[in-house]
Amino acid sequence: STDANRRHKRLPVARCMQVRINGADLDAVAEDFSLNGMKIRYAGTPFVAGPALKISIDALNISRDARVVWSAASRGSESFSGVIFEKPVPASILAGLAPNRI
């Protein structure tokens, strides 16, 4: 099914990253990653769905424009958001994250 394929292509990564929102940098953790987007965890209130973000992961040499699809508060002061990249990342990025899982 499409859902099964989508899940298969999302890799749990737990990588630290920077998210730029309206010119401000925010530390976040990428909980899972795909060619088209990621789930991130960060301190603070949930993002509003829709606004443009600049996603940068220096360790992977990635910088992408993205938009928020969903957000939710977690326990404590953390929130989670699902973001979609405006342009997919190269497949080699996923292969580098988990070479034995693709």
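User: Contact here means heavy atoms within 4.5 Å. Among contacts between residues at least 6 apart in sequence, what percentage join residues at least 24 apart?
Analyst: It's 47% for the protein chain. This is a predicted model, where local features need pLDDT of at least 70 and side-chain atom pairs count only at pLDDT 80 or more, while totals for chains, interfaces and linings use all residues. Residues are numbered from 1 along each chain as its sequence is written, and side-chain values use heavy atoms, with hydrogens and water left out.

User: OK, what's the average pLDDT for the chain?
Analyst: The protein chain averages 81, and 86% of the residues score at least 70. pLDDT is the predictor's confidence in each residue, on a scale from 0 to 100.

User: And where is confidence lowest?
Analyst: In helix H1, residues 2-8, with a mean of 44. At the other end, strand S6 (residues 78-85) has the highest confidence, at 93. Where pLDDT is low, the predicted coordinates should not be read in detail.

User: How many helices and strands are there?
Analyst: Two helices and six strands. Their order from the N terminus is α-β-β-β-β-β-β-α. Both kinds are DSSP runs numbered from the N terminus: helices are H or I with at least four residues, strands are E with at least two.

User: What share of the chain is buried?
Analyst: 35% of the 102 residues. Buried is under 20% relative accessible area, exposed is over 50%, and partly exposed is in between, with a 1.4 Å probe and protein chains only.

User: Now the inside. How many residues has the largest nonpolar core?
Analyst: 25, and Met17, Phe33, Met38 and Ile55 have the most contacts inside that core. Strands S1 (11-21), S2, S3 (37-43), S4 (52-57), S5 (62-73) and S6, along with helix H2 (91-97), each supply at least two of its residues. S1 gives the largest share, five residues. By nonpolar core I mean a set of buried Ala, Val, Leu, Ile, Met, Phe, Trp, Tyr and Cys residues joined through side-chain atoms within 4.5 Å.

User: Which residues does Ile55 touch, not counting those up to four places away in sequence?
Analyst: Met17, Gln18, Val19, Met38, Ile62, Ser63, Arg64, Ala66, Val83 and Phe85.

User: Ala66 is on that list. Is Ala66 buried or exposed?
Analyst: Buried, because its relative accessible area is 1%. Ala66 lies in strand S5, and its C-alpha is 5.4 Å from that of Ile84, 18 residues away along the chain. Leaving out residues up to four places away, Ala66 touches Pro51, Ala52, Leu53, Ile55, Val83, Ile84, Phe85 and Glu86.

User: Switching topic: how many aromatic pairs does a search of the whole structure find?
Analyst: Two. In one, the rings of Phe33 and Phe85 have centres 5.9 Å apart and planes at 55 degrees, so that pair is tilted. Phe33 is in strand S2 (residues 24-33) and Phe85 is in S6, so this pair ties together parts 52 residues apart in sequence. Both of these Phe residues are buried.

User: What about the rings of Tyr42 and Phe47?
Analyst: That pair is stacked, because the centres are 4.2 Å apart and the planes are at 10 degrees. Tyr42 and Phe47 are buried too. For the cut-offs, rings of Phe, Tyr and Trp (its six-membered ring) pair if their centres lie within 6.5 Å; planes under 30 degrees apart are stacked, over 60 edge-to-face, the rest tilted.

User: And how many salt bridges does the structure hold?
Analyst: Five, a salt bridge being a side-chain nitrogen of Lys or Arg within 4 Å of a carboxyl oxygen of Asp or Glu. One of them joins Glu31 and Arg41 at 2.5 Å, N to O. That pair links distant parts of the chain, with Glu31 in S2 and Arg41 in S3, 10 residues apart. Glu31 has 23% relative accessibility, so it counts as partly exposed; Arg41, at 25%, is partly exposed as well.

User: Which residues are linked in a network of salt bridges?
Analyst: Glu31, Arg41 and Glu78.

User: And where do Arg67 and Glu86 sit?
Analyst: Arg67 is in strand S5, while Glu86 is in the loop between S6 and H2, 19 residues apart. Their side chains meet in a salt bridge of 3.7 Å, N to O. Arg67 is partly exposed at 38% relative accessible area, whereas Glu86 is exposed at 51%.
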